[in-house]
Amino acid sequence: MRQHVNPLSRIHQLARPLPQLIELFADPSLPLHLDIGSARGRFLLAMAPLAPQRNHLGLEIRRPLVEAAEDDRRRDNLTNLRFLYGNANVNLPEWLAQLSPGQLELVTLQFPDPWFKLRHRKRRVLQPALLLAIAAALAPGRTLFLQSDVEALITPMRQLVGASGAFELAGPEECGPERNPLPVATEREGQVLAEGKPVHRSLYRRNNAPLPPLADLEAHLEPTTSGVDNRLDAEAD
C-alpha cells in the first residue's frame, strides 16, 4: 500500500543542502545514477552490485525508509551507493547544477505517488523546474527513465517531457510495456506484474536542443478546464 507524503507541507519545504559526491562515494568521479523516490531502497541495493561502474544515489522524502535503506547499504558494504533524505523539487535543482559536466548518466523516476486531482498536480514529483534541472545536468545521449502503473499519472509526465523539447523517446525495441531497459525491477513493479496489471514505461535520451524558459513549461501545466484528469480523481484525497 502506498503511503502518500504531501511534499508541499512545511517540513518538506525546508531547504536542506545535499552533500557533494566527494562526501558520499569512495570514488566520486564515477558516472552517477540518480533514483528519485527510492522508497525502501531495494531496487538500488540490487542495482549497485550489478553496475559497479556507476555511483547510485537514491533520494527519498520518507526519512524512515532512508534510514532503513542506509542500514542495508552499510551491511552490504556498497561504497558506490548512498541514500539521502530530501524533497526532490526543493533539494535537487541546485545540487544538480553543481555536478561536473557529463557526470549524471541516468535518472530514474519509478512509481511516484499518484496525485490524481488537478488541484494536487503541484504535489506530483516531476515539476517543470525539476525537469529542466535534470535536462540541464544530462549530457546529450544520457537517459531519463519513467515508469508507473497508473497511466493517468505517467501521461502528464510524458506530456511535460515532450513539451520541454529536450529529449528523444526511445523505441519499443528498447522500452515498453513488456520491456524494462533496466536489469532490476522495483518492488512495486513486481507486485503490479504479479497481479497481471500493465506497467507504463518511457525511456528518453537527452538531445542537443536548448531548454525552454521555465515560465513556458509551467504554462504547459495550467489546466484548461475545471474537470479531472481521470476517473480516479474523484476518489483521491
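## An aromatic pair

In this predicted model, a search of the whole structure finds one aromatic pair. Rings of Phe, Tyr and Trp (its six-membered ring) count as a pair if their centres lie within 6.5 Å; planes under 30 degrees apart are called stacked, over 60 edge-to-face, and the rest tilted. The ring centres of F167 and Y204 are 6.3 Å apart and the planes stand at 70 degrees, so this pair is edge-to-face. It links distant parts of the chain, with F167 in strand β6 (residues 167–169) and Y204 in strand β7 (residues 200–206), 37 residues apart. Helices (H or I, at least four residues) and strands (E, at least two) are DSSP runs, numbered from the N terminus.

Buried means under 20% relative accessible area, exposed over 50%, and partly exposed in between, with a 1.4 Å probe and protein chains only.

## Basis of the model

Residues are numbered from 1 along each chain as its sequence is written, and side-chain values use heavy atoms, with hydrogens and water left out. As this is a predicted model, local features need pLDDT of at least 70 and side-chain atom pairs count only at pLDDT 80 or more, while totals for chains, interfaces and linings use all residues.

## The chain as a whole

The chain has eight helices and seven strands. Of its 237 residues, 51% are buried. Among contacts (heavy atoms within 4.5 Å) between residues at least 6 apart in sequence, 81% join residues at least 24 apart.

## The sheet

Seven strands form an open sheet with mixed pairing, in the order β3-β2-β1-β4-β5-β7-β6. Two strands pair if DSSP finds at least two bridges between them. The edges are β3 (81–85) and β6; each has a single partner strand, so one side of each is left without a neighbour in the sheet. On average, neighbouring strands are turned by 20 degrees against each other, direction ignored. Axes are lines fitted to C-alpha atoms, for helices over the stretch in contact, and angles run from 0 to 180 degrees between N-to-C directions.

Strand β5 (residues 138–148) is joined to β7 by six bridges, and the two run antiparallel. The bridge partner of T143 in β7 is R205, and L144 stands opposite Y204, a residue of the aromatic pair. Six bridges also join β4 to β5, but these strands run parallel. There, V107 stands opposite L144.

Helix α6 (residues 151–164) lies across β4, β5, β6 and β7, and runs at about 15 degrees to β7.

Helix α5 (residues 128–137) is mostly covered, with eight of its ten residues buried. Among them are P128, L130, I134 and A137.

## Two nonpolar cores

A nonpolar core is a set of buried Ala, Val, Leu, Ile, Met, Phe, Trp, Tyr and Cys residues joined through side-chain atoms within 4.5 Å. The largest one has 40 residues, of which L92 and L96 touch the most other members. Two or more residues each come from α1 (21–24), β1, β2, α4, β4, α5, β5 and α6. Helix α5 gives the largest share, seven residues. Not counting residues up to four places away in sequence, L96 touches L34, L104, A133, I134 and A137.

A second, separate core of 18 residues includes V66, F83, Y85 and L106. R63 lies over the face of Y85, at 4.0 Å from the ring centre. A charge sits over a ring if NZ of Lys or CZ of Arg is within 6 Å of the ring centre and within 35 degrees of the ring normal.

## Individual residues in loops and a helix

A39 lies in the loop between β1 and α2. Its phi is near 55 degrees, a positive value in a residue other than glycine. A39 is partly exposed, with a relative accessible area of 27%. N77, in the loop between α3 (63–76) and β3, also has a positive phi, near 55 degrees. N77 is exposed, at 60% relative accessibility.

A46 is found in helix α2 (residues 42–50) and is partly exposed at 32% relative accessibility. A46 and A185 are 139 residues apart in sequence, and their C-alpha atoms are 9.1 Å apart in space.
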